Amino acid sequence: MRSGLLDSKLYRVCEWIARLAYINVLWILFTIVGLTLLGIAPATVALFTIVRKWLLFQDDGIPVFKTFVRTYKKEFWSANRIGLLFIAVAYILYIDVLYIAHVSAPWQLPFSVALLIMLFFYAVTLLYVFPIYVHYELRFWQYVKYAFLIGMANPFMTLAMIISLGILLVVLLYVPGLIPFFSISIFALIVMGSALRVFRKLESKQSVWQQENK
């Protein structure tokens, strides 16, 4: 009995490893298909769409390649609007980092603190924007707005997410051979899983509030 249960759990672990490796390779291939710059965002949306389905429905019958391709094509331009916005902001922040190096000494500390705060806000918004994009139907700026607000309103889950991603980064730095197979897929699994817990909590609170105000 125990042996059968152990075999079942081992099979599930192996299945998840294979799944994550497969969608990681798909993400890399479709990022390249989009000439990298235009491929990152739609490939990421397709990746998060599949991970969300796995986590919500635990459906082993999801046609991964078909779902990935369909989502990639459907969301190509919409996803790129968000992707290019974040790339542009990242470039501006990069220029700011270079600028601070040439600022006079008395101003370097306040400018550095302000930039660190902006980088933190940027990172929090980036972490939540793709989970929100695949989970809710909103207008363009609402994705960015709610990504920031939800991330800041749930500091413990956001911090747990950042720590988990930090651990993942350390593992990948020590074992770089894992990067082509598990880097982005495990990143998506951590972020989407954490975000879904936040969404459930928010939806539960909203449901309670609606019932109390009927």
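**A tour of the predicted model**

Begin by selecting residues 113-134, where the chain is 100% helix and 0% strand and the end C-alpha atoms are 33 Å apart; helices here are DSSP runs of H or I with at least four residues, strands are E runs of at least two, and both are numbered from the N terminus. This is a predicted model, in which local features need pLDDT of at least 70, side-chain atom pairs count only at pLDDT 80 or more, and totals for chains, interfaces and linings use all residues. Residues are numbered from 1 along each chain as its sequence is written, and side-chain values use heavy atoms, with hydrogens and water left out.

Next, select residues 20-48, a span that is 79% helix and 0% strand, with its end C-alpha atoms 12 Å apart. The unreviewed UniProt entry places "transmembrane region" features at several spans, among them 20-48 and 113-134, although such annotations may be inferred rather than shown by experiment.

Now show Ile 23, Phe 68 and Tyr 128, the residues with the most contacts inside the largest nonpolar core, which has 54 residues. Such a core is a set of buried Ala, Val, Leu, Ile, Met, Phe, Trp, Tyr and Cys residues joined through side-chain atoms within 4.5 Å. Helix H5 (105-135) is one of the elements giving two or more residues to this core, and H5 supplies its largest share, 10 residues.

Stay on Tyr 128: leaving aside neighbours within four places in sequence, its contacts (heavy atoms within 4.5 Å) include Ala 147, Met 157 and Val 198.

Finally, select Ser 183 in helix H8, which counts as buried because its relative accessibility is 11%, buried meaning under 20% relative accessible area with a 1.4 Å probe and protein chains only. Beyond four places in sequence, Ser 183 is in contact with Asn 24, Leu 168, Leu 172 and Leu 178.

Notes
Buried means under 20% relative accessible area, exposed over 50%, partly exposed in between (1.4 Å probe, protein chains only).
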